[in-house]
Structure formats: C-alpha cells, structure tokens
Amino acid sequence: MAALPHPGGLAAAVGALVLLAAAPLAAAGLPGYATSKACKDCHPEVWRQWSLTPHARMLRSTTEHPDAVAAEKFSPEIPFRKKDIAFSIGSHWIQKYLTVIDGQFYVLPKYWSLSKGDWEPYSIFNWRSKPYSLNCYGCHTVGFDPVSKTQVEDSIGCEACHGPGAKHVASQEPADIVNPARLTRRLADNICESCHTDGNDMGDGVFPFAAGFQPGEPIEKYYTDFFLPKPGSKKWYKGNATYEDRHRMFMFYQAEFYSKKRSCGV
C-alpha cells in the first residue's frame with residue numbers, strides 16, 4: 001500500500017489516501033441472479049443494444065476497460081491521479097471516479113464534464129463520509145444484498161429491470177422472468193422509480209435507495225416517502241409524499257433531467 005501525494009489545490013482538504021488493488025465490486029449479492037452474460041446466448045441482439053446504453057456503462061473497471069476514464073487533464077489542482085481511479089461512473093453527462101481506501105470504495109471529490117471536456121468547477125468535501133456501498137450500490141449494481149452489502153453484478157444489467165433470472169435461464173420459460181411490458185403500468189413504472197425517484201429504504205433507513213426492491217413488486221414495500229424540501233424552501237420540488245406525487249417526480253425527471261440535464265450526476 002502506498003500513500004497518495006497531494007501536491008496542492010484541494011489536497012489539504014482531502015487528506016492522505018491509502019489505496020488497495022482495484023478488485024471487482026461484485027462479491028455475492030442476493031440469490032437467484034444469473035448476470036447479464038447469461039442473457040446473451042438467447043437474446044444476442046437485445047444484449048447488444050443494452051451494451052451500448054449508459055446503463056451498461058454506468059460502472060466500469062479501469063483494469064478491464066483502460067479507456068473508461070474520459071478525464072484528460074490531471075494537474076496539481078486535481079487531488080488524485082489517473083492511476084488512482086479504480087472504476088469510472090457514468091458515460092452520458094458527467095463522469096465520477098471510484099477509488100479504494102482501506103478496502104472500501106469512495107467517489108473521488110472531482111467530477112469530469114463529458115460535454116465540456118473539463119473538470120466541474122466544484123468539489124465534494126464530505127466525500128469520505130459517504131461510502132459507495134451505502135449510498136450507490138442499490139441503483140448502480142444488480143442484486144444488491146443490504147445485509148452483506150454485496151451485489152451480483154456491477155453496473156445496471158438486464159436483471160435490474162427483469163428481476164432474478166437464474167430460474168428463467170434454466171427453464172427458458174417466459175413465466176420465470178419478469179417482463180415489464182406484461183406488468184400493470186404502475187408496477188412497470190415502479191421499476192424505474194426505484195432508482196429515478198428518491199427516499200430511504202424501509203428497513204433500517206440507512207440506504208438512500210429502495211434496498212431489496214425487485215421488479216414486479218410494489219415500490220411502497222421498499223421505499224419511504226420521498227425527500228421533501230423544507231417548508232418555505234425554494235428548491236425544485238414540493239409535494240405531499242403520495243405515490244402520485246412520486247410518479248410526478250419521475251415524470252419531471254424524464255422531461256427535465258434525462259432529456260436536458262442529468263440525474264444523480266451521471
């Protein structure tokens with residue numbers, strides 16, 4: 001292990017980092033999953049189309065994908081080096097970067113703008129208080145187990161929308177996999193809303209995502225009411241925390257963030 005030098009700029013605020021070798025994030029996760037690779041043999045064209053989407057490229061290992069890091073300008077003002085990046089996050093609007101500190105993943109405190117081809121003019125100074133596993137695994141991986149804090153697959157794979165697929169892979173029966181097109185409109189929307197709206201998990205409330213949610217189930221079993229602005233706040237959204245309001249939040253994201261800006265920074 002080697003301590004990272006921080007030559008200037010944000011270095012004093014960040015402090016010294018101790019990095020470990022970049023191992024794959026996946027470890028175990030919830031049972032019943034087969035991973036997206038298992039879908040490829042029977043659904044090669046669908047798999048190919050998925051592989052070109054931002055979902056498929058949400059989380060990429062720099063060891064497996066040396067071209068994953070879009071950032072080009074590393075200088076004393078940037079408090080880390082390119083070789084310190086273990087994973088890239090995002091490929092559409094901006095790109096964040098993961099590093100490993102004492103065996104835990106953290107998002108480094110500087111973001112690269114893919115549209116500008118430059119660093120964003122801000123940093124996140126509380127980044128060491130937000131381990132990636134506690135804040136992001138539920139939406140940026142597949143089959144996240146909130147007890148072991150492990151997952152089946154990195155990035156946003158086929159089973160993020162279709163649910164556990166091991167039984168379907170073995171039987172090849174359509175009834176053994178979730179098809180969002182055959183769900184009610186509300187349950188189909190719940191799949192997207194489990195990540196594209198906000199709240200805390202219904203367990204201990206420690207996760208800012210619907211920990212344990214699986215496609216086909218109602219989101220209310222896994223998500224608390226979404227976060228509301230404080231009274232009198234001029235923030236972007238106010239509501240009464242009903243499901244209908246959650247759905248309106250999702251529709252707002254679709255109309256404003258996904259098409260014009262970004263959601264969750266990526």
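Guide: A residue counts as buried here when its relative accessible area is under 20%, as exposed when it is over 50%, and as partly exposed in between. The structure is a predicted model, and W112, at 3% relative accessibility, falls under the 20% cut-off and is therefore called buried.

Visitor: What makes the rings of F74 and F80 an edge-to-face pair?

Guide: The structure holds 14 aromatic pairs. For F74 and F80, the ring centres are 6.3 Å apart, within the limit of 6.5 Å, and the planes stand at 70°, over the 60 degrees required, so the pair is edge-to-face. F74 has a relative accessibility of 27%, between the two cut-offs, and is therefore partly exposed, whereas F80, with a relative accessible area of 3%, is buried.

Visitor: Why is the pair formed by W112 and W119 called edge-to-face?

Guide: The ring centres of W112 and W119 are 5.2 Å apart, within 6.5 Å, and their planes meet at 85°, which is over 60, so this pair is edge-to-face. W119, with a relative accessible area of 11%, is under 20% and therefore counts as buried.

Visitor: Which residues do ring pairs link into a cluster with F74 and W112?

Guide: The cluster linked by ring pairs consists of F74, F80, Y97, W112 and W119.

Visitor: What is A70 in contact with, leaving aside its neighbours within four places in sequence?

Guide: Beyond those sequence neighbours, A70 is in contact with Q95, Y97, W112 and L114. A70 itself belongs to the loop between β3 (59–61) and β4 (87–89), and its relative accessible area of 27% lies between 20% and 50%, so A70 is partly exposed. The C-alpha atoms of A70 and W112 are separated by 7.6 Å, although the two residues are 42 residues apart along the chain.

Visitor: How do you know that β5 is mostly covered?

Guide: In β5, eight of its eight residues are buried. I94, K96, L98 and V100 point one way from the strand, while Q95, Y97, T99 and I101 point the other way, and all of them are buried. In a regular strand the side chains alternate between the two faces of the sheet.

Visitor: What makes β4 and β5 paired strands, and in which sense do they run?

Guide: Two strands pair if DSSP finds at least two bridges between them, and β4 and β5 are joined by three, so they qualify; they run antiparallel. In this pairing, S88 stands opposite Y97 of β5. The hairpin of β4 and β5 has four residues between the strands, and within it G90 takes a positive phi near 95°.

Visitor: What sets the phi of D102 apart for a residue that is not a glycine?

Guide: D102 has a positive phi of about 50°. This residue is placed in the loop between β5 (94–101) and β6 (104–107), in a hairpin with two residues between the strands. With 58% relative accessibility, D102 is over the 50% cut-off and therefore counts as exposed.

Visitor: Why is K149 described as partly exposed?

Guide: The relative accessible area of K149 is 35%, between 20% and 50%, so K149 is partly exposed. K149 is found in the loop between β9 (141–142) and β10 (153–154), and its phi, near 60°, is a positive value in a residue other than glycine.

Visitor: Is T150 buried or exposed, and why?

Guide: T150 has 14% relative accessibility, under 20%, and therefore counts as buried. T150 also lies in the loop between β9 and β10. The side chains of T150 and S148 are 2.6 Å apart at their polar contact, which is within the 3.5 Å limit.

Visitor: What makes the charged end of K40 count as sitting over the ring of W47?

Guide: The charged end of K40 sits over the ring of W47 at 4.4 Å from its centre, a distance within the 6 Å limit. The charged end of R128 sits over the ring of Y106, 5.1 Å from its centre, and that distance is also within 6 Å.

Key
Residues are numbered from 1 along each chain as its sequence is written. This is a predicted model: local features need pLDDT of at least 70, side-chain atom pairs count only at pLDDT 80 or more; totals for chains, interfaces and linings use all residues. Side-chain values use heavy atoms; hydrogens and water are left out. Buried means under 20% relative accessible area, exposed over 50%, partly exposed in between (1.4 Å probe, protein chains only). A polar contact is a pair of N or O atoms within 3.5 Å; within protein, one must be able to donate a hydrogen and the other to accept it, and residues adjacent in sequence count only if both atoms are side-chain atoms. Rings of Phe, Tyr and Trp (its six-membered ring) pair if their centres lie within 6.5 Å; planes under 30 degrees apart count as stacked, over 60 as edge-to-face and the rest as tilted. A charge sits over a ring if NZ of Lys or CZ of Arg is within 6 Å of the ring centre and within 35 degrees of the ring normal. Contact means heavy atoms within 4.5 Å.
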